[in-house]
Amino acid sequence: MATELHVELVAADRSVWSGEATLVVARTTSGDIGVMPGHQPLLGVLESGPVMIRTSEGGTVVAAVHGGFISFADNKLSLLAEIAELADEIDVQRAERALESAKSASDAAAERRADVRLRAVAVR
């Protein structure tokens, strides 16, 4: 059995992260899922939430993902997101301002996006 899986995290506008990993945890419409090498093939719908990737080197990559699809076959995991940002790229102060602004405007979608960004930074 393989000890690594190849991961591609792609947003609609760019390739966000690509590399070898030992574990990926993501939120789907069916709940949180962990994918390790040798996992059964799957296809699912991603919910907004942090995605955690444990790299082969022992590091951790965290991204805020907003919708999309997850698929796994032949030890290749694809995360195709509508929007995805690495936690290291997120401006915390801007996300906090966006959250407050969304709450004031009663904009549930914007509030959810800001909340996911802040949770991704917290997981990092």
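Author: Start with the salt bridge. The term needs a side-chain nitrogen of Lys or Arg within 4 Å of a carboxyl oxygen of Asp or Glu. One caution: this is a predicted model.

Reader: What makes Arg27 and Asp32 a salt bridge?

Author: Their closest N and O atoms are 2.7 Å apart. The cut-off is 4 Å, so the pair qualifies.

Reader: How many salt bridges does a search of the whole structure find?

Author: Five. One of them joins the side chains of Glu85 and Arg117, at 2.5 Å from N to O. This pair links distant parts of the chain. Glu85 sits in strand 7 and Arg117 in helix 2, 32 residues apart.

Reader: Why is Glu85 called buried?

Author: Its relative accessible area is 16%. Buried means under 20%, so Glu85 falls in that class.

Reader: What separates Arg119 and Asp115 along helix 2?

Author: About one helical turn, because the two are four residues apart in helix 2. Arg119 and Asp115 form a salt bridge, with the closest N and O atoms 3.1 Å apart. That value is within 4 Å, so the term applies. Arg119 is partly exposed at 28% relative accessible area. Asp115 is partly exposed too, at 33%.

Reader: On to the pocket. How do you know that empty space is left?

Author: Rolling a probe the size of a water molecule over the atoms shows where empty space is left. In this model, the largest pocket holds about 180 Å³ of space.

Reader: Which residues line the largest pocket?

Author: The lining is Glu85, Glu89, Ile90, Asp91, Arg94, Ala95, Ala98, Ala114 and Arg117. Helix 1 (92-104) and helix 2 (108-123) are the elements that give two or more residues to this lining. Helix 1 gives the largest share, three residues.

Reader: What makes Leu43, Val45, Phe69 and Leu80 a patch?

Author: Together these four form a nonpolar patch on the surface, with about 410 Å² of accessible area. A patch residue needs over 30% relative accessible area and no salt bridge. Take Leu80, in strand 7 (residues 76-86). Its relative accessibility is 45%, so Leu80 passes the area cut-off. By accessibility class, Leu80 counts as partly exposed.

Reader: Now strand 2. Why is Val24 called buried?

Author: Val24 has a relative accessible area of 1%, and the limit is under 20%, so the label holds. Val24 is found in strand 2 (residues 14-28). Its C-alpha atom is 25 Å from that of Glu111, which is 87 residues away along the chain.

Reader: And what class does Arg14 get, at 31% relative accessibility?

Author: Partly exposed, because 31% falls between 20% and 50%. Arg14 also lies in strand 2. Arg14 and Ile83 are 69 residues apart in sequence, yet 9.3 Å apart in space, C-alpha to C-alpha.

Reader: Last one. How do you know that Ala110 is buried?

Author: Its relative accessibility is 16%, under the 20% limit, so Ala110 counts as buried. Ala110 has its place in helix 2. The C-alpha atoms of Ala110 and Ala98 are separated by 7.5 Å, with the two residues twelve apart along the chain.

Key: Residues numbered from 1 in each chain as written. Predicted model: local features only at pLDDT ≥ 70, side-chain atom pairs only at ≥ 80, totals over all residues. Heavy atoms only, no water. 1 Å grid on protein atoms, 1.4 Å probe; cavity = no way out; pocket = protein on both sides within 12 Å on 5 of 7 lines; lining within 4 Å. Points joined across faces, edges and corners; volume = space filled by probe spheres on them. Patch = residues over 30% accessible without salt bridge, like charges linked within 9 Å, V, L, I, M, F, W, Y side chains within 5 Å. Areas by Shrake-Rupley, 256 points an atom, 1.4 Å probe, with all protein chains shown as cover. Buried < 20%, exposed > 50% of the residue type's maximum accessible area, 1.4 Å probe, protein only.
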